[in-house]
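Open the structure and follow along.

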Amino acid sequence: MMTSVDTELIRVLADPLRLQIVTLLARETLCTTHLVEETGAKQTNLSNHLRVLREAGVVETEPCGRFTYYRLRPDVIASLAGQFTDLAETARATAEANTKRSCP
């Protein structure tokens, strides 16, 4: 069963712009300027989404002069993927066993 922490992370990643940011950061470490160029989002909107991702532990920052670079934390994504894999394996085993609850 998924915990409330897991559902919060799913909610964070469900936003289309945040998912686009995560996808871009999976390929390379980028600063806000790069992310604005890649996504077409306004800088303030992008900064708010990056804050949400940072607070959820999905990304980490690296100051570089007057710029801040963002890097994806792959362990967080891998953990969530593992939880979905476990869920799929449980569903597969249930389907194979033809497990169903009888009606009253």
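Helix H3 crosses helix H4 in the right-handed sense, meaning that the near helix is turned clockwise from the far one by less than a right angle. On the H3 side the contact (heavy atoms within 4.5 Å) uses Thr32, Leu35, Val36 and Thr39, and on the H4 side Gln43, Leu46, Ser47 and Leu50. Sort those residues and you get four nonpolar, four polar and no charged; here Ala, Val, Leu, Ile, Met, Phe, Trp, Tyr, Cys and Pro count as nonpolar, Asp, Glu, Lys and Arg as charged, and the others, Gly among them, as polar.

Before going on, some bookkeeping: this is a predicted model, where local features need pLDDT of at least 70, side-chain atom pairs count only at pLDDT 80 or more, and totals for chains, interfaces and linings use all residues. Residues are numbered from 1 along each chain as its sequence is written, and side-chain values use heavy atoms, with hydrogens and water left out.

As for geometry, H3 (residues 32–39) packs on H4 at about 110°, with the axes 10 Å apart. So H3 is roughly perpendicular to H4, a label for angles of 65 to 115 degrees. Axes are lines fitted to C-alpha atoms, for helices over the stretch in contact, and angles run from 0 to 180 degrees between N-to-C directions. Helices (H or I, at least four residues) and strands (E, at least two) are DSSP runs, numbered from the N terminus.

Now the sheet. It's open, with three strands in the order E1-E3-E2 and antiparallel pairing; a pair needs at least two DSSP bridges. E1 (30–31) and E2 (59–64) are the edge strands with a single partner each, so one side of each lacks a neighbour in the sheet. Two bridges link E1 to E3 (residues 67–72), and leucine 30 has tyrosine 70 as its bridge partner in E3. E2 and E3 are joined by six bridges, with cysteine 64 opposite phenylalanine 67. These two strands make a hairpin with two residues between them, and glycine 65 in the turn has a positive phi of about 65°.

Finally, look at the helices on the sheet: H2 (residues 16–27) lies across E1, E2 and E3, at about 90° to E3. H4 (residues 43–55) lies across E2 and E3, at about 115° to E2.

Conventions
Parallel < 35°, antiparallel > 145°, perpendicular 65-115°, else oblique.
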